[in-house]
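Please look at the sequence and the model first, then read on.

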Amino acid sequence: LLVSKDLGKHLLEVEDLLQKHGLLEADISAQTERVQALNAAALKFSELEGYQPCDPQIICNRVNHVQTCLEELEELAAKRRKELEDSRQLWTFFQEMEEAEAWIREKEKILAAKTCGRDLSSVVTLTNKHKTMLGELGNRRALLHQTMKKGEKILAKKSFSSVGIQEKMREVCLRWKKLEEVTGLHQQRLEDALNFFQFSAETDDLVAWLQDTYRIVSSDDFGHDDYSSQALLRKHRAVVDEVEKHRAAVLSLRKQLALLAPDHRQGVDVQIRVVEVEQLYGEVAEVAVLRTQWLQDALAVYRMFSEVHACEVWVDEKEQWLEKMEVPEELDEVEVVQHRFESLDQEMNSVMGRILDVNQVVQQLVEGGHPSSDEVRSCQDHLNSRWNRVVELVENKKGQLSSVLKIQNFLLEC
């Protein structure tokens, strides 16, 4: 049993042989105690004085022979154990290398699919899985490094042929190196896909925002009075500020596109998408400027109408007063009326300034092609006509007062 050359053909068989050898070693250990007891008892016969049943030398020779045989048996057992343990170390090495190869094959199949996802969500999921695999790769690399060290120790002992061990180590190293290369390439593809889909998602968000903003800035609601137009103008200015803030994002699209992988940035669809975003932004910015002008014009119109209304209220009041006023014949009363006209002149100068401002605003609106130009001009003509009527009445009344004053002064002189 101890001189057997059977060291097993695989790890399980070696483990079985080691287990059997352990039983044999236990048996030898048990027999060692028995042999030592028997030898001790036999040596007593060689020490007897007087009658000796056997030649003491023969006893000693037999004891020494048995002891030598036992020691040889123990040496064989120790040698056998070392050979079996070396065999176990060898087959453990091969099994670990096979496990490493199986793991490498499994990962090669996964990476061979070259799946990089169809949208941002799937790419993120695959990227997370790839990160997990990178962690497994690191752990497996450490285990493989330990197995390689075991192989080197086996080679250093020169207990077995080095051809199979070196060939296996070389083969696994080559496959491992290829796996790391493929892993790196797949990681790069995932990063490229992630950058592309992030770019696409950001572009889609930008397009959605621009479309919503276009609907806002192209609204035909300009308010119905001074207050509502001011409120709309304030809101619109906030929108214009947001449009301006998004200018940098639109301008950076081409730079971001240039940073994408060639197979992504050279796609016709993505290039067209960038052009569409730039055009849409240009339209939004242009319409925003137009709406600012339209709101300002609407505000100017409503303010003009408000000013016209105020002027017409004053004109109505003065017109009624002038039409009802009768020029007195008494000097004292004439002087009172004359003072009133002096105050009226001051009011008219003030109102005249407001009417001139109205005319200037109307001129600007008409020259700017305001859609309510006809209504605005009609309102202007009506106000100017009313103003001219008041001026005519004032001049008429002043003329009458002047005539009465001349008569009164003539009578006083007389």
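Angles between axes under 35 degrees count as roughly parallel, over 145 as roughly antiparallel, 65 to 115 as roughly perpendicular and the rest as oblique. Axes are lines fitted to C-alpha atoms, for helices over the stretch in contact, and the angles run from 0 to 180 degrees between N-to-C directions. Helices are DSSP runs (H or I, at least four residues), numbered from the N terminus.

This is a predicted model: local features need pLDDT of at least 70, side-chain atom pairs count only at pLDDT 80 or more, and totals for chains, interfaces and linings use all residues. Residues are numbered from 1 along each chain as its sequence is written, and side-chain values use heavy atoms, with hydrogens and water left out.

**Two helix pairs**

Two packed helices are described by the angle between their axes and the distance between the axes.

| Helix pair | Angle between axes | Distance between axes |
|---|---|---|
| α2 (residues 56-112) and α3 (residues 120-157) | roughly 150° | within 10 Å |
| α5 (residues 226-245) and α9 (residues 268-324) | about 160° | 9 Å |

Helices α2 and α3 are therefore roughly antiparallel to each other. Contact means heavy atoms within 4.5 Å. On α2, the residues in contact include Phe93, Met97, Ala100 and Trp103. On α3, they include Leu137, Arg140, Leu144 and Ile154. By class, this contact has 11 nonpolar, four polar and eight charged residues. Here Ala, Val, Leu, Ile, Met, Phe, Trp, Tyr, Cys and Pro count as nonpolar, Asp, Glu, Lys and Arg as charged, and the others, Gly among them, as polar.

Helices α5 and α9 are likewise roughly antiparallel to each other. Helix α5 passes α9 in a left-handed crossing. Leu232, Leu233, His236 and Val240 are among the α5 residues in contact. Val284, Ala288, Arg291 and Leu295 are among those of α9. By class, the contact of α5 with α9 has 12 nonpolar, five polar and five charged residues.

**Rings**

Rings of Phe, Tyr and Trp (its six-membered ring) pair if their centres lie within 6.5 Å; planes under 30 degrees apart count as stacked, over 60 as edge-to-face and the rest as tilted. The count comes to six aromatic pairs. In one of them, the rings of Phe93 and Phe94 have centres 5.4 Å apart and planes at 65°, so this pair is edge-to-face. Ring pairs link Trp91, Phe93 and Phe94 into a cluster.

Buried means under 20% relative accessible area, exposed over 50%, and partly exposed in between (1.4 Å probe, protein chains only). Phe93 counts as buried at 0% relative accessibility. Phe94 counts as buried at 16%.

The rings of Trp103 and Trp176 have centres 5.9 Å apart and planes at 25°, so the pair is stacked. Trp103 lies in helix α2 and Trp176 in helix α4, 73 residues apart, so to speak linking distant parts of the chain. Both Trp103 and Trp176 are buried.

Which residues does Glu101 touch, leaving aside its neighbours within four places in sequence? Glu101 is in contact with Lys168, Glu171, Val172 and Arg175. Glu101 lies in helix α2 and is buried, with a relative accessible area of 5%.

Val217 is found in helix α4 (residues 162-217). At 0% relative accessibility, Val217 counts as buried. Beyond its neighbours within four places in sequence, Val217 is in contact with His236, Val239, Val284, Val287, Ala288 and Arg291. The C-alpha atoms of Val217 and Leu290 are separated by 8.7 Å, although the two are 73 residues apart along the chain.

Notes
Helix = DSSP H or I, 4+ residues; strand = E, 2+ residues; numbered from the N terminus. Left-handed = near helix turned anticlockwise from the far one by under 90°.
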